[in-house]
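Okay everyone, thanks for coming. Have the sequence and the model open, and let's walk through some side chains together.

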Amino acid sequence: MMDEGTELSVTIAQIVQRLKGAHLHSQLEKQARECLHRPEIKLESLKEDVRNFLRVSGWERKLQNAVYRELHILPPPGHPAAPPEHTKEPLAYMRKAQASWEKRILKSLNSMCTELGVPLARKRPIPEQKELTNKWNEMGTDEPDLSKFRPVYAPKDFLEVLISLKNPNHDCREGLTARSHWGLIQISLNVRDIPQMREAYPELSLTCCQLGIDDHAHIPPDLFESEHIRIGNKVVSEQDSAAAQQYSRQGCPTGLRAQLWALILNATNEPEDIMHYEQLKAAVIHHDLLVDNLIYKDVKLTASNDDYYFVFEDFLYQVLLCFSRDTAVLEHFSYNSATPPKSYIQGKTGTEEFAVVYPPNGVIPFHGFSMYVAPLCFLYNEPSKLYSVFREMYVRYFFRLHSISSSPSGIVSLCLQFERLLQSHLPQLFYHLQKIGAQPLRIAFKWMVRAFSGYLSTDQLLLLWDRVLGYDSLEIVAVLAAAVFAFRAENLMEVTSLASAEAVLADLSTLKVIPLLQIFLFA
């Protein structure tokens, strides 16, 4: 391992390198040049005066926010001698499992392409381009025939892959308690127990005020809510990403949430962001991709049937179709255990120089993918802004929910954490459910893989995602899944089959997230 000083200098060098090519860098240079003509800039104190100007005019804060974003996204620097794949995923058996899963997905996509005789991509004829341009804001009215298309995979297929994971260096017979074999996940990763969680999430303790509890109608607003909103307004006016992240740990007020999330994610809506979105829109209009049908199908199967989200159908098509064309998303594969899938230009199969990433963003949508976007439609009504926030949420968090990795926020760790929390907190319930063939993870997996989107009421889901952003971790999703089982434990102890256990947990729309988390962790 590197010592702290070396690690810091490597991180600084990485961030400087990444920001040098960014638009912000050229803007800072331009501002610094232009300020030289100002009377308060003196030659004898040039460096200090320019710095002072950038600080006063808000550019220093923009730079701080950009650095803060990089610190959250970049993986910690590894050993200089470590190969690049170690940055993506340090455990070899995880890398192997992910590569094998990717082959399966690609095979499924290619076989659908062959069966249906549909090309992976085609240029749209001019009349079709015009029609799509005119219908851009009402794509939901267009009903292409999707009956032959099927999702490439569903969460339950992915769960089977996770259940089959084995660490070849670990002998399961030795040194493991009987409890380890109760669950479906049979590998060992370092996940936090409840005392460690209490240390990690002090703002969720029973003594801390929370939005989601202390803003209830019968509680006078001057006890907490009014002051919390006042501080929130100050955080927004200061435009400080780090302060916004700390603030959201106690929940974001409804009127400020959109601004605070964009600030935490450093997701901007500057002219260049709007132009980037328009370029992606043009790419959608010019070319039709096979994955477009998968997106249409997914929205129809999920969001369009949801009481909360069906009104956003057009927004979802716009954002997801543009997302599939965005090559900027490829950058996150440097720290994602997954590798973008490749296909060959027609007639050039097997020739490496004719291999292209497909879809262009490297992400094949699966059943439920559109539910990552749907809740954000409540916060942003401008497509370009909605798009930049979703893309940032994806490259920070959501990609971890459908790739195999040892990351503490990865889906494998979340599954293991859920099972461990339930086993230590409610061993009788876990044993009962396991005995009747209703493994808790089979029920909870679909909630976790979507970060509860489509299962909780929207106001509660947004309170949960406030904490995901505030703590920069998806760990809280596993805690909530365990807390839901704890809340319904009495009914679950009466069930005698998987179907009846699923019936007890079928409707989560009345649950209150923050009281459940607090009671599970701190009561």
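Let's begin with F378, which is partly exposed, at a relative accessible area of 40%. For that wording, buried means under 20% relative accessible area, exposed means over 50%, and partly exposed is in between, with a 1.4 Å probe and protein chains only. Before I go on: this is a predicted model, so local features need pLDDT of at least 70 and side-chain atom pairs count only at pLDDT 80 or more, while totals for chains, interfaces and linings use all residues. Residues are numbered from 1 along each chain as its sequence is written, and side-chain values use heavy atoms, with hydrogens and water left out.

So, aromatic pairs. The rule takes rings of Phe, Tyr and Trp (its six-membered ring) with centres within 6.5 Å; planes under 30 degrees apart are called stacked, over 60 edge-to-face, and the rest tilted. How many aromatic pairs does that rule give? The count is 26. One of them is Y277 with Y387, a tilted pair, 5.9 Å centre to centre with 45° between the planes. Y277 sits in helix α13 (residues 271-286) and Y387 in helix α16 (residues 383-396), so this pair ties together parts that are 110 residues apart in sequence. On the helix names: helices (H or I, at least four residues) and strands (E, at least two) are DSSP runs, numbered from the N terminus. Are these two tyrosines buried or exposed? Y277 is buried at 4% relative accessible area, and Y387 is buried too, at 3%.

Back to F378 and its partner. The ring centres of F312 and F378 are 5.0 Å apart and the planes are at 75°, so we call this pair edge-to-face. Where do they come from? F312 is in the loop between α14 (290-301) and α15 (313-325), and F378 is in the loop between β4 (355-357) and α16, so here the pair ties together parts 66 residues apart in sequence. F312 is buried, with a relative accessible area of 14%, whereas F378, as I said, is partly exposed.

Next, over to helix α3, residues 46-56. Which residues of α3 are buried? They are D49, V50, F53 and L54. These four cover an arc of only 135° around the axis, which puts them on the same side of α3. The arc, by the way, is that of the directions from the helix axis to the C-beta atoms. Look at the other side of α3 and you find K47 and V56 exposed. What covers the buried residues includes α2 (23-35) and α4 (59-73), where contact means heavy atoms within 4.5 Å. And just after α3, G58 takes a positive phi of about 90°.

Now a stop in helix α1, residues 4-20, where we find I12. I12 is partly exposed, at 46% relative accessibility. The C-alpha atoms of I12 and L71 are 9.3 Å apart, although these residues are 59 apart along the chain.

Last topic: salt bridges. Side chains of opposite charge can pair when their charged atoms come close. Here the rule is a side-chain nitrogen of Lys or Arg within 4 Å of a carboxyl oxygen of Asp or Glu, and the count comes to 16.

Take K135 and E131, whose closest N and O atoms are 3.8 Å apart. They are four residues apart in helix α7 (residues 126-135), so about one helical turn separates them. K135 is partly exposed at 25%, and so is E131 at 43%.

E392 and R396 meet in a salt bridge as well, 3.7 Å from N to O. They too are four residues apart, in helix α16, which means about one helical turn between them. Both E392 and R396 are buried.

R249 and E203 also form a salt bridge, with the closest N and O atoms 3.4 Å apart. This pair links distant parts of the chain: R249 is in the loop between α11 (241-247) and α12 (257-265), E203 in the loop between α9 (194-200) and α10 (225-238), and they are 46 residues apart. E203 is buried, at 11% relative accessibility.
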